Each structure stands twice: as C-alpha cells, then as structure tokens.
Amino acid sequence: MDIKEILRQMSDSEKIDLLTGHSSWYTNGFDKYKIPCIRMSDGPYGLRIKNDNCPTLESTCFPPACTLANSFNDSLSFELGVALGEECQENKVNILLGPGVNIKRSPLGGRNFEYFSEDPYLTQKLACQYINGIQSQGVGACLKHFCVNNQENYRLTSESGVDERALYEIYLKPFNDIIKFSQPDMLMASYNRFNGMKVTESSDLLIQKARNEFNFSGVIVSDWGANHDRKKSLLAGLDLEMPGDNNYSKQTLKEALEMKTLDTGTIDRSCSRILSLVEKLSSKEIKNYRYSRSEHSQLAKKISAEGAVLLKNNGAVLPLKKGENICFIGDMGQNMHYEGEGSSKVFSPKVIQPLSALKTYGIFPFEKGYILSQNTPNRKLETQAIKLAERADKIVFFAGFQPKKESEGYDKSDIKLPANQLHLIEALTELNKPFAVVLFNGSPVELPFAEKVSSILTMYLPGQEGGLSCAQLLFGELNPSGHLAETWPLKLEDNPSYHYFEGRPDLVEYRESIYVGYRYYIKAKVPVRYPFGYGLSYTQFAYADFETVKSKIGIDVSFSIKNVGPKAGAAVPQLYIGFSDTGVFKPKRELKKYTKVFLDKGEERKVSFRLNDSDFAYYNITKKKFVSETGTYTILIGQSVEDIVLKKRIRYESADSAKSPYDTNRFQSYYNLTGNIFPEDEYTRLMEKKYSDKRTKKLPITMNSIFSDYRLTLSGKIIYKIFRKAYVNNVRHTGSVEKKEYVIDNEEEYLKQFPNLTMNMICSVSTGLPHKKGEAITAIANGKFFSGLRRLIFEK
Ligand code: BGC
C-alpha cells in the first residue's frame, strides 16, 4: 500500500471517514483504494463476538487477568496471548481490545477482575507476555485504558487527581514499560479526565507522554463513546474514534477544515497511522484458520489451576482423599462465578461446574444451602445443609460473590460475602468439624470466619474450565501454586484509598499518592488478612545459598530453592528492594523481580536475578525523570511481601542522585504513614494545585452532565425517567439474545450505571440518537422548552 499516494488521492471527506470507525467494531474500508476494513473485538479473555449478532461463533472463556496474575507465570500469559490470537484469526478479528492494565487502587473497583494487580511491575511483566503472544499471531493488541481510570462510578466525568510522582511510579508505569518492551498496535484513551481535560482531548497525555516520552507508534483509539469534541481530540493525538458512524464528529471535522482551524497535516498524520495498521494487520490474516478447541480448553484449565490460591490450610481437610465421608454445600458449586460482567463477558458454550467435575472422585452428598442470587438466609435450605454436615466427616463449602457484584459500569459498595452465605458458614463452623471454604471472587473478600475454618482456597474467577481445576486442586491431583497479585485487607476500611475512593462526579482525589496496596499496608503497619504475593502449597520450600555480586552492569542476586515437602509443586520467589527512609519518602519495599519454579519432591534449583539502576529509582518531580539515591538498601527474597526468607543489606552508589523535592515537615503524613487519612494541605502541596471543595456547578445541564443531574429540574426529571426506561427497553428490543437475558435477570444491576451516563455517551454509542437531538433534549432539561422542542423536531 502506497500510503502517501493514497492520502494524496483521498478526499477530505474520505479521510474523515477513516478517522471514525464503521459501526461498533470495524474501521472504514475503501474498495476504490483497495483499503480493507479491519475488525476489533472485546476481549480480553475470550472473544465477545457471539454477542455481535453472530450467534454461531464460539470462543473460549479463559480466566480473566485477576486469576492469570495470581499465576505469577509469564510464559502462561504468553501462551494465553497466542491462544487468543488464534481465536481472533479464526474469527477474522484483527485487533483484540485488551489487555486492561489499570492499577487496582481499591478492592471496590468494579472492573478489578479485568486488571492484573495493585503492583505496576507484575502488571507490566504479565501484560507484555500477553501482548507478545497475541501479536505473534498477526493480531494486534489494544492496551487499555490509558490512563488513571481506576474506578467505574463517575468514569465518564470525573477528574483523577493523581500527583505527578504517583502518576509515573504507579499509574503510568505499566503503560510506559509495556510500550517500551512490547509495542502494542493500539492504545485506548479512557473516559475520565486528567489535569482538567478529558483524556481523549489531552495532548499532554496522548502526544507528549504516550508518543514522545514512551515512544508509542501505533494507533490511539477512543474508548467506546469517550470522544467528545472530535476536533479537540484529533489535535490532541486521538487517531480513531469508536464506535463509528458518528456524523456529528464528521461534521465537526469538515467545518474545522473549512474554517481552517484544523490543517490537513494533522488529519493525514492520523490517517497514515490507521492505514499502516490496516495494511499490517490485514496482510497477516490467515484464511480458513481453525484453532484447537481441546487445546484451548486445556489452557483455560491450566490458567485456572495456576491462578487459584490456597489461603489457609491446617491439613485437616485438604487435600481430600477418595473414599472419605465428605459433604459439599453451597449453590456456587453448581453455579460458580467464573467471569465478570460488562464488555469482557464471554458467552461460552461450555462451562464445567465444580459439582459435575467432582463426580470423577466419587458420589458425594450435596446441599445447596443458600440461593446464590439472594441475600437473605433460607431456613429450609440451611437446615438441610446442617443436617447433611452433621453426618459428614469433612465439609467443603462453595462461596463467593454474586456474579453481578463484579461488573464494568459500577463499583462495589463493599467486599463482603452475601449475608446468607456468611450466616450458613457461621452455623457450620459451630459443628467444629474439618471445614474448607472454596471461594469464587474477582477481587478480595472480607473473611470474618477465617480463623474458624481449616482451609480456604480461592479460585478467583476461573473461566469455563474452573470446575475441573477446582476438583483437581481439592483432591490434590494438582498442587496449588497461585500467589495473590493484590493484598486482602482484614476489612475494606483499612484500604489506603478508603476515604477518597469514588470521590464525586467531577473529582476523585488520589490522596494516598504512591501508597497503593502493599506499599501502604507494610509501611503503615496495618495488619492484613493475606499479603500481596502470598499463597500456600501442599508442599514446602527451603531457601538457601543467598549471594549478591556487584558488577559494572548491575547486581547479580542468586539463591537456591529446594522442595522439602511431600509433593511436586511450584514456588514463586519474589525479590523486593527494601528502602531505608533517607531523603525521599518511599514505600518500605517494592517488587522488582519474581519467577515461578516447578520442583519435584526433593528437587533443588538455583535462581538468579539481575538488578540494575532503574530498580533503585523513584520519580523525581524536579528533574522530571527517574533517579536513585545513594544509600543502604536491602535485597529481600520472599514467599510474599511479608514472608521474607532471605535478606542482605547492600550499599548502592547512585550515578544520578538528586536533592529530595520534599520537605519532611511539609509532607509528614507521607513520611510517617500513620493511617489512611492524608490531610488536605499536604495533598494540595503534592498536587501543586488546589481543588475546589465543591463540585463544579451542576446547572445548567450539559452534554457531559451525568443523568442524575437531570433530576434537578422539572423537565429534566421527566427526561431522566424516559431515558432510564429506554435504556433497558433498547436492549430488550435490539440487544443480542444473551444481553437481553442478562438484562431481564439483572435489571437492577444494569440500571446502576444509568445515573452516571451522559447524553454525550448515549449519542456516541447508540446509533439511534443524533448529537443535535441530544443537545435539543439538554436544552429542554434546562427549561428552554419551546426552542428545545423545535430543535428536537427539526434538527437532524
Ligand atoms: C470499555 C472498553 C471496551 C469497549 C468496547 C468500553 O465500555 O471500557 O474496555 O473495549 O467498551 O466494548
């Protein structure tokens, strides 16, 4: 494809067509220039294409990132990427919309299950391999959601108030490193705002940071409906607007060209990037490709097994043995929660439930005990379950979050199990029998019963094969090897972002700055239920022969691990660098390396890591780059961030030291973490700006107002009601079979998103309502009834 020549021949209006997609999932193609369209699909852990009016297409429902991340297994992530690439090839999908690499700031984040970790390094390592895997198959990966989009409530309107250091060290870090090491073909700009601007309109983020600093060379696409002003977004570096067919945007660009407020150079640059991508990916399509169903099922099972984490085990129940008098209780055992809701939902043709997989090991009595979709205890079911448990020698209880609790579009309001599950667990613990709890959850769960039970195994969200690996792990046919990619707090209130998470529709303050997850808990000495990096096995490992050798190229660290327990298994040694409090405030320790080592019974292996300067660095806001401090550091090897098995102090000389930008007296709460309250004055200093205490004016209503603000005016109230109804009815009449079923079953949950939607979003994603009509309705909501009505009738 001679891109320069094509651009010379294309008319302005054709170029404008190229800058916005065609329908929901395609770019625009042009037969005249032999430019094909390319197809995108959600993702990211199985293709969401069955939903796209293609009822015959199948795809594997792999475990999502929350589970994959627990595996701490880079090569498994690569294998998954390859498999997804193959499924894309078969289904003629050129770009998979993933991975999502946003940091888990709070366990409440509705989409946490789609993200990897609270730690940027673990996120980056796994996501790089995932992308390398997909792109090795001639399919593009789309890194999302760039950036600081760490919650679902108010995601369309809120400003993420992150200070520059936390931005670089925590939130941008995975994006930066992934672009550097894996160069994904696409980058998705998120819905939220940053630094007073919509991310899609921020040239600082899209051009200065993504392109100039991180060297991103692919196409930048808007999250679906995240574009607002197309001229502004194009000038800010947003190449492609999705979904497509947005006539309002096209008209905006045409007018801007005519008025000469937009030059053809800007248009050509973005068109040229899109055309290069179309050329690259369309040339890699493989005709009549068919992936192996059985291999992909096997892989889904392997990931779910490696992603499961044994949280507690006193040996009284697990591993189970054939022939024992075991009873199984819990509706989750026959209706497991295996994936999250929202754009990543895969409609899998096959899901293996734990109860059916357990049949391989014997015939076991089962009682439902509670109804998964309900919260209140059911007396009859509970009595039956307790009676059953009284007759058994061992009890295994299936518990977890109700699937609708974990979804795109809204956050959780707590991290508790439903009351009926807790009630029955409590009653069963009173029997004082060997008792194991198996959990299905996409994020941390409060476990008030943890001390009273013998074992806890979390399957996280195990995907379609989850039941199989669950049964094999319970019976010891597989040995648990997952480690937590996020901290499990004792209670939600302990989380560092607890007082600030969610914020208000126009602002969310990230007051805890760099103290995300374990970076906070360890330094603030806040006890947790299970620390980051933690996970048990049916075997044990011994660590020895610790050496650190300095050389010109870095510090070589080595040690040996031996399997000293009764079974083959896998260890996950983690290297942390411990910082002493010198000039700059820092976390106590940070993850810098990890690996996964599979060892037979009695086997021993040597593990080596190399550290370099960047591992000692922090982001210096004065120098505007990562630098390190000369001083004493500790090299720590742990089985979790808390369980340190080897350590050594070393002296490190920095080649590029810098003065601390922080005065200890003015940032006391960041130097001496005493809890999760960070005073406003210190936060203001950190931000180098003051946010207003009040929400920006709610009136007049604009295209970017959230729908709940419509209720402030009389006409707005009526509009709110009509749109709320239409929001559900639209799916009922035009949605795919699965979406209809989902909405009918979960209307209340689905509607949770509605108050936070904007008219702009509705007009951009639904082809039904043109932008101008949306503006007319907004005018009516502001009391301009007659002029609004006239525009509504006559505007196109
Ligand atoms: C989500 C994206 C997704 C897109 C397309 C958006 O709502 O945030 O992750 O890829 O929809 O479905």
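How many Å² does the accessible surface of the protein chain come to, and what share of it belongs to carbon and sulfur atoms? The accessible surface is about 30,100 Å², and 50% of it belongs to carbon and sulfur atoms. Accessible areas here come from the Shrake-Rupley method with a 1.4 Å probe, and for residues only the protein chains shown count as cover.

## Before we start

You are looking at a predicted model, in which local features need pLDDT of at least 70 and side-chain atom pairs count only at pLDDT 80 or more, while totals for chains, interfaces and linings use all residues. Residues are numbered from 1 along each chain as its sequence is written, and side-chain values use heavy atoms, with hydrogens and water left out.

## The whole chain

The protein chain contains 26 helices and 28 strands; helices (H or I, at least four residues) and strands (E, at least two) are DSSP runs, numbered from the N terminus. Its radius of gyration is 27 Å, close to the 28 Å that the globule rule gives for 796 residues, so the chain is as compact as a globular protein of that length. The radius is taken over C-alpha atoms, and the rule is 2.2 Å times the number of residues to the power 0.38. Along the principal axes, the C-alpha atoms fill a box of roughly 75 × 65 × 55 Å.

Of the 796 residues, 63% count as buried. Buried means under 20% relative accessible area, exposed means over 50%, and partly exposed is in between (1.4 Å probe, protein chains only). A contact means heavy atoms within 4.5 Å. Among contacts with a separation of 6 or more, 75% come from residues 24 or more positions apart.

Charges are there too: the chain has 107 positive and 95 negative side chains, and the centres of the two sets lie 2 Å apart. Lys and Arg count as positive and Asp and Glu as negative, leaving out His and the chain ends. The place of a charge is NZ of Lys, CZ of Arg, CG of Asp or CD of Glu.

## Helix H6 and Tyr171

Take a look at helix H6, residues 164–171: seven of its eight residues are buried, so the helix is largely enclosed by the rest of the structure. The buried residues are Arg165, Ala166, Leu167, Tyr168, Glu169, Ile170 and Tyr171.

Tyr171 has a relative accessibility of 3%. Setting aside neighbours within four places in sequence, the contacts of Tyr171 include Ile103, Val148, Tyr510 and Val516. Tyr171 and Ile514 are 343 residues apart in sequence, yet their C-alpha atoms are 9.1 Å apart in space.

Find Gln402 in the loop between strand E12 (394–400) and helix H15 (419–429). Gln402 is buried at 11% relative accessible area. Its side chain reaches the backbone oxygen of Leu372 at 3.0 Å, and a polar atom of that side chain lies 3.1 Å from the backbone oxygen of Gln374.

Glu629 sits in the loop between strands E26 (625–628) and E27 (631–638), and at 8% relative accessibility Glu629 is buried. The side chain of Glu629 makes a polar contact of 2.5 Å with the side chain of Lys586, and one of its polar atoms is 3.3 Å from the backbone nitrogen of Val584. Asp494, in the loop between strands E15 (488–489) and E16 (507–509), is buried at 12%. The side chain of Asp494 has a polar contact with that of Lys491 at 2.9 Å.

## Backbone details

Two cis peptide bonds can be pointed out here. One runs from Asp42 to Gly43, with omega near -5°, and another joins Gly98 and Pro99, with omega about 10°. Pro99 belongs to the loop between strand E2 (95–96) and helix H5 (120–135).

Next come two positive phi values in residues other than glycine. Phi is near 60° for Tyr154 and near 55° for Asn195. Is each of them buried or partly exposed? Tyr154 is buried, at 15% relative accessible area, whereas Asn195 is partly exposed, at 43%.

Definitions and conventions:
Polar contact = N/O pair within 3.5 Å; in protein donor to acceptor, adjacent residues only side chain to side chain.
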